[in-house]
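Let's walk through this structure together, one region at a time. Keep the sequence and the 3D view side by side as you read.

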Amino acid sequence: FLGLIPQLNGASTITRVDLFFDSPVWLYLDKIAIRFGGRTIAEKEINQDSFTRIGTEHIYQLRLEGFSAVIKEDRTDVFTVRVDANEFAPGPLPRNITVFLENNSIRGIDEAGIYQLAPVSGGGKGGVFSRTFRIE
């Protein structure tokens, strides 16, 4: 999954990303990581307790935080969400899974110490920051 990190106001350091999934991905995946600038900046081994169910829909939020990724002023950068599949997935396969950002899913802090949130628009399943991958 390649995604764009939306431009924040001025140079900012990203410290948190909320990823959203349309399936109970812990049945199919062992680990989720974010790569930026050629290195892994956040990684989490997952299970059901790693996720928060959002509303009555089958949408599951995973928060990755405690990292630091600097975005230079007037730039939009790319990050990669990497997943490791379970060796023995208990659910039916093949399975398509969508990962996406909601509006305000990315939190950064600018040089003045003010929190910045992104994206301000285009979030949600089927939005600009949405990708589907297949587990076989």
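**Confidence and overall layout**

Confidence in the chain is lowest in strand E1 (residues 2–5), with a mean of 50, and highest in strand E5 (residues 51–54), at 95. These scores are pLDDT, the predictor's confidence in each residue on a scale from 0 to 100. Where pLDDT is low, the predicted coordinates should not be read in detail. Over the chain, pLDDT averages 86, and 90% of the residues score at least 70.

This is a predicted model, in which local features need pLDDT of at least 70 and side-chain atom pairs count only at pLDDT 80 or more, while totals for chains, interfaces and linings use all residues. Residues are numbered from 1 along each chain as its sequence is written, and side-chain values use heavy atoms, with hydrogens and water left out.

The chain has zero helices and eleven strands. Here helices (H or I, at least four residues) and strands (E, at least two) are DSSP runs, numbered from the N terminus. Of the 136 residues, 44% count as buried; buried means under 20% relative accessible area, exposed means over 50%, and partly exposed lies in between (1.4 Å probe, protein chains only). Among contacts with a separation of 6 or more, residues 24 or more positions apart account for 73%, where contact means heavy atoms within 4.5 Å.

**The nonpolar core**

Now turn to the interior. In soluble globular proteins, nonpolar side chains tend to be buried together. A nonpolar core is a set of buried Ala, Val, Leu, Ile, Met, Phe, Trp, Tyr and Cys residues joined through side-chain atoms within 4.5 Å. The largest one here has 30 residues, and Val-17, Leu-19, Phe-21, Leu-29, Ile-32, Ile-46 and Phe-51 touch the most other members. Elements that give two or more residues to this core include strand E2 (12–21), strand E3 (29–36), strand E6 (59–71) and strand E7 (77–85). E6 gives the most, with six residues.

Leaving out residues up to four places away in sequence, Leu-29 touches Ile-46, Val-83, Asp-84, Ala-85, Asn-86, Phe-133 and Ile-135.

Strand E6 also holds Glu-65. The C-alpha atoms of Glu-65 and Val-17 are 6.5 Å apart, although 48 residues separate them along the chain. With residues up to four places away in sequence not counted, Glu-65 touches Thr-15 and Arg-16.

**Charged pairs**

Side chains of opposite charge can pair when their charged atoms come close. A salt bridge is a side-chain nitrogen of Lys or Arg within 4 Å of a carboxyl oxygen of Asp or Glu, and a search of the whole structure finds five. In one of them, Arg-63 and Asp-18 meet at 2.7 Å, N to O. Arg-63 lies in strand E6 and Asp-18 in strand E2, so this pair ties together parts that are 45 residues apart in sequence. Arg-63 is partly exposed, at 33% relative accessible area, whereas Asp-18 is buried at 4%.

Lys-125 forms another salt bridge, with Asp-22, and their closest N and O atoms are 3.0 Å apart. Lys-125 is exposed at 51% relative accessibility, while Asp-22 is buried at 17%.

The side chains of Glu-43 and Arg-82 also meet in a salt bridge, at 2.9 Å, N to O. Glu-43 is in strand E4 and Arg-82 in strand E7, 39 residues apart. Salt bridges that share partners join Glu-43, Arg-82 and Asp-84 into one network.

What about a charged residue with no salt bridge? Asp-110, in strand E9 (residues 106–110), is buried yet has none, and the nearest side chain of opposite charge, Arg-107, is 12 Å away. For this count, Lys and Arg are positive and Asp and Glu negative, with His and the chain ends not counted. A polar atom of the Asp-110 side chain does lie 2.8 Å from the backbone nitrogen of Ile-114.

Two backbone features close the tour. The peptide bond from Ala-118 to Pro-119 is cis, with omega near -10°, and Pro-119 lies in the loop between strand E10 (115–118) and strand E11 (130–135). Asn-104, a residue other than glycine, has a positive phi near 65°.

Technical notes: A polar contact is a pair of N or O atoms within 3.5 Å; within protein, one must be able to donate a hydrogen and the other to accept it, and residues adjacent in sequence count only if both atoms are side-chain atoms.
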